Amino acid sequence: MKRPAVPARGLPEAKNLLRLSVAALVVATLAWGWVTRDQREIHGRLARIQRLLSKKADESSLSGLARVQETMRYISAEPEVSFGPRLSTLRTREEIAAVVLQARSSVTDLKVSIRDKALTIDPGRQSAVMNLTAEAVATYGGRRERDIEELELTWIKQDGRWVVDRARPASSIHRPPGL
């Protein structure tokens, strides 16, 4: 003869606690995603700029031009890019594209890497400042050269997307010859 099932004490409370825990986890995950969405977008766009600026030795001129044009999509409509005492300040996408294209065409290959990123987003979520260290290793005329720059990038939201509005060097560290 079968005994009738006795309901376990606390089972409904345990189910409710489990449901509340799952709901809290979902809400926390969504909130974290909402809070960090701007950071993720800026870091993703910076990574794309880095890949576009780099150049492989076998890259064609047409491919290089396309990469420079795509890079300009990540620059604001009225940018300000300062290279310090080496060049004058660039204030249009066209000027920036011309300088980048000239620099890329003068090297055989170029590897751009970015590290030490520190990002501060304005509470209004319309602007941000990123301090970073950029390294460029290029080969031209059979020689390899390395340049390390500390940069400050100012990002703004334009048409709902984060773009670089200003770029200026913080300092420059040049590797001594032979190292």
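**Exercise 1. In which strand is Leu132 found, and is Leu132 buried or exposed?**

Before we start: this is a predicted model, where local features need pLDDT of at least 70, side-chain atom pairs count only at pLDDT 80 or more, and totals for chains, interfaces and linings use all residues. Residues are numbered from 1 along each chain as its sequence is written, and side-chain values use heavy atoms, with hydrogens and water left out.

*Step 1.* Leu132 sits in strand β3. Strands (E, at least two residues) and helices (H or I, at least four) are DSSP runs, numbered from the N terminus.

*Step 2.* Leu132 counts as buried because its relative accessibility is 4%. Buried means under 20% relative accessible area, exposed over 50%, partly exposed in between (1.4 Å probe, protein chains only).

**Exercise 2. Work out how β2 and β3 are joined.**

*Step 1.* The two strands run antiparallel, with eleven bridges joining them. Strands pair if DSSP finds at least two bridges between them.

*Step 2.* Look at the turn: β2 and β3 make a hairpin with five residues between them, and Arg125 in that turn has a positive phi of about 60°.

*Step 3.* Now pick out a pair: Lys111 stands opposite Val137 in β3.

**Exercise 3. Find what Ile42 touches, skipping residues up to four places away in sequence.**

*Step 1.* Contact means heavy atoms within 4.5 Å.

*Step 2.* With those sequence neighbours left out, the partners of Ile42 are Leu119, Ile121, Ala128, Met130, Trp155 and Trp162.
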